[in-house]
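Please open the model in the viewer and keep the selection tool at hand.

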Amino acid sequence: MTKIQQIWQRWIPGLLEKAVKRGETVESGAEVTKAALEFAIALGVLASVPSAPVVAAGLSFVSIGRKGLELLHEKTSQEFNVEEWVAIAFPLAYIQSFDTLVLRNDWLQEKIGAGISGQGVRQQFEQLGELQLNESLADEVLKDFPGSTLGQALNNQLSNYLQKAGIEHHIASIITGWVAWSTFQDVESLLLYEPESVRQALSFKISAAREIRLNEKYTSIEFYLKEQISPNPSNSLLLERWKVIDEEFTFPHIYVPLEAHLLDSNGKFQEKVDLVNLENWAKEHLTSLDKNNQVMFIQAGPGRGKSVFCRMFANWVREHLHPIWTPILIRLRDIDTFEANIENTLRAAVRQNFTSSDHWLGDRNIRYFFILDGFDELRFEGRTSKGIESFLKQIGSYQVGCKHRFLITGRESALQGIEHFVPTNLERIEIALMSDQLQEQWLSNWGKLVGQDKAEEFRKFLGAKTCPKRVQELAREPLLLYLLAAMHRDNNLNISMFKDSSGAQAKILIYQTTLDWVLTKQRPKDLNTTITKFDTEDLRLILREAGLCITQSGREWTSIETIESRLKGDKAIEKMLSEAQQRLGENPLRNALAAFYLRPAKASEKAEGAVEFIHKSFGEFLCAQRFIQSFNKWTRIDPDSRREDFWITDKQLSEEIYDLFSYGGLTTEIVDYLIALIDDAKEKFQLQSLFKRLEEFYLDWIQGKFINESSKNLPLAQMQKLQKQGLSIGLREVDIFTGLNIMILLLELHRYAQTQDELKDNIVFYPCGKKDSDNFDEQRLLRIISYSNSVSLSTFSLTIGYFLSRANLDGANLDGANLSRANLSRANLSRANLSIANLSIANLSRANLDGANLDGANLECANLSIANLSRANLSRANLDDAYLDDANLDGANLDGANLDGANLDGVNLDGANLDGANLLGANLSRANLDGANLSRANLDGANLDGANLVNIIWDEHTNWDNVKRLNTARNVPESLLSKLNPTAHPSSPQDTPPSA
């Protein structure tokens, strides 16, 4: 046996001295990191030669190894010695592997950049030099270096070195595992320079090592990172995901860093906090130890750059933090099922060899960073399996005490209605619109791709005084900025197009122009000749149906077979497809769909495959157009009817409503498109007829007419149809979501009509019927809420809550209803019974709550600014941290109410009963408390700056401790002032004290 130290002392000094005499430098010009050099010296590899650090700093360790092996062959005439070869090659390759890792890992460079000193470290490592090698141990190294005695000894020494540098043991373990695994690659580099005789002598053992390495988890992970995370995969289909729509360039060419708003636990912008760089925020959270238990949640509307950020940041982690963090990017829409065990759910989503182990997340040598993109895509699954709520809870619970980290993205509405399931360790941030600086940076990148002249022309287009403000605002969203720039480049955009367009209309116009642009300009030449018999309008119809299918699927893709099945009812389209198929001899629909921005999607079992829109917004826009197509048909009068009957009968209408709207809740984006499309063509629309027909369906639906039908049960037929398309949905869900979607349409038509003088008296929707009319049913909405929440406790709030603004709910009985986070701004809730209702974080700004019963209601963090709460019963209500700025509480009953921390700035509490109310720390500045009853009220720490305290009533049980700014309050009773602060002088005290 030979000690490793003896081999090093025999050969390494000679090769280094020889390098000094020759003045050799590394061929690549790269510098060895200080950490790797220090580690090599500490090991004793370079310790015995004074000039070693200087020489090594200019040579890679593989170069040193190669020169050492050359010297070994020059100086000895003996038969090849495997022990000496291993003793030189593997430690130097190991150090080179460590050096490579440090060079690419920003976190590691920062951690050990200052280095650690000297002798104490070296003494720790002297034992390695005492390690003895014989032929058997050398064979072990060659076949399985990480598991060999030498490999484990080097790992131990490197782990000790890293821990001396302040790196935690579990992270040191991750580093040593990857260094040992990648050492083999550097050993193979050394073999390339060896004579044939040496390669043959080692070939069998090296081949065995190569086979082991191919089956290693590390190899599987590196393959995943190259193909799924890197922007340069070998698979051309995977490369498509990096392309910007149909361009030749990819996202890294055009991408600019984003900025974001920090949010509080309620999803509100943090006050007086500047925007943050999104990438820097994510980097800081990922690498900060005190953030380990936090789940990052990035929210933003469509087209704001969430998915592109996920791709870019995942690749940045791959390039700069791996293997300290190994990025895993999952599109949540690709998750088929949600398991009770989150490990199984993630395994099914990743589908890679390294996840095959039962405890792949428990591997101490790997730490994953999961980027879960598209949380709002889970809404569909959440209908039946409660996936949206349980999955979020799983992540929140799993993150606590877990070494892995999670980042989730979703639309801002993704968390609405499920606040009880939101983990307390969710840290939220919202992507902001692009600033002038970021937009200019983007335009600079654009100029590099299309030419600076083109970019300058587009810059002038956006900056022109005649360019509508709304278009300028839309140009601050990454997706729309690109679409505008691309169409402008191709001369398909001009300012006159947007004259008098609203925000949503401008966005629709951009998408519509994009569609025209694609159908007429962007089709490949060979495709034009192939589908010449497809009329452009036919293609539009096909695309609308595709948009509907994708929206109904709850994902961003659908099978061509599903689209075909929907088109079978259109005889003109069927004839066109049949003729095209005879002419082409292949599936014509696939060719037709190829005319738009469609990409290969998730593998389909059907030969026809599947299609996917480049961005979800396109599908939603086309789906909205498809709905408008049906709306027009539903209001068309039958020309052959003497009584001017509708062309579509009531029975046919009901069937088509279930066909279109049974899939799940309408998104705010689709509804915005619908209203903008209606407004754009309001002269052609029979809105009153549409409203009336939808309202009749709504009333029949709530009575159970359709689900109770015995002959032709529409919900049952629709459920079966959707299940054939592979959508997992039950009978109850089909019926509930159909009714809720019609309710959304009625609410939105009502809201739109109130802005139109000719419609506001003819289109008025009362969910419970009009108070004091024969149609009034105070419990109608409460029954709808109960029915909806039989799916999950948040179904109604999640689906309808956002659309309740301006709703007419006068006199409605909503006792105990869950309306958390609902948007009830400007809603009419006068005389409504909201006792024990959950209105936490609800938006009730400007709502009319005159005479409403809010006894025991939960109004925690609710927005009640400028709301009318006169004569409302708020006894025992929880108004903790509620916002009541300028609300009217004239005559309100607040007996026993909890107003802890509530903002009552400017509130009118004239004559309010605050007997026993908890006003701990409440902001009562400028509040009018004229005649208010404050008996037993707790005003500990309340701010009374400028408040009017004339005629107030209090008793010995009223708690005035620590009240603030009493000296600036108005009309403070003299007796109260004397009681609290005898030296204070109010601005205009009352002469007559109130009765106690």
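Which residues of helix α8 (residues 135-143) are buried? Select the helix and colour A138, D139, V141 and L142, for these are its buried residues. They cover an arc of only 160° around the axis, which puts them on the same side of α8. The arc is that of the directions from the helix axis to the C-beta atoms, and buried means under 20% relative accessible area, exposed over 50% and partly exposed in between (1.4 Å probe, protein chains only). Helices (H or I, at least four residues) and strands (E, at least two) are DSSP runs, numbered from the N terminus.

Two remarks apply throughout. The model is predicted, and local features need pLDDT of at least 70, side-chain atom pairs count only at pLDDT 80 or more, and totals for chains, interfaces and linings use all residues. Residues are numbered from 1 along each chain as its sequence is written, and side-chain values use heavy atoms, with hydrogens and water left out.

In the whole structure, 6 cavities of 30 Å³ or more are found. On a 1 Å grid over the protein atoms alone, a cavity is a set of points where a 1.4 Å probe fits but cannot get out, and lining residues have an atom within 4 Å of a point. Grid points are joined across faces, edges and corners, and a volume is the space filled by probe spheres set on the points.

**The open sheet**

In what order do the strands of the open sheet lie? Its 7 strands follow the order β4-β3-β9-β5-β8-β7-β6, with mixed pairing. Select β4 (276-277) and β6 (326-331) to see the edge strands, each of which pairs on one side only. Two strands pair if DSSP finds at least two bridges between them.

Begin with A260 in strand β3 (residues 259-262). On one side, A260 stands opposite V276 in β4, and 2 bridges join these antiparallel strands. A260 also stands opposite I431 in β9; β3 and strand β9 (residues 426-431) pair in the antiparallel sense over 3 bridges.

Next, select strand β8 (residues 405-410). Strand β5 (residues 295-299) runs parallel to β8 and is joined to it by 4 bridges, with Q299 having G410 as its bridge partner. Strand β7 (residues 368-373) also pairs with β8 in the parallel sense, over 4 bridges, and F369 stands opposite R405. In β8, 6 of 6 residues are buried. R405, L407 and T409 point one way, while F406, I408 and G410 point the other way. In a regular strand the side chains alternate between the two faces of the sheet.

**Salt bridges**

A salt bridge is a side-chain nitrogen of Lys or Arg within 4 Å of a carboxyl oxygen of Asp or Glu; the count by this rule is 28.

Select D363 and K217, whose closest N and O atoms are 2.3 Å apart in a salt bridge. This pair links distant parts of the chain, 146 residues apart: D363 is in the loop between α17 (342-350) and β7, and K217 is in helix α12 (residues 217-229). D363 is buried at 18% relative accessible area, whereas K217 is partly exposed at 27%.

Move to helix α22 (residues 469-474), where E473 and R470 are 3 residues apart, about one helical turn. Their side chains meet in a salt bridge (3.0 Å, N to O). E473 is partly exposed at 29%, and R470 is partly exposed at 31%.

Finally, select R751 and E748 in helix α35 (residues 731-753), also 3 residues apart. Their salt bridge has its closest N and O atoms 2.7 Å apart. Elsewhere, salt bridges that share partners join E545, R566, R626, D659 and K721 into one network.

How values were computed
1 Å grid on protein atoms, 1.4 Å probe; cavity = no way out; pocket = protein on both sides within 12 Å on 5 of 7 lines; lining within 4 Å.
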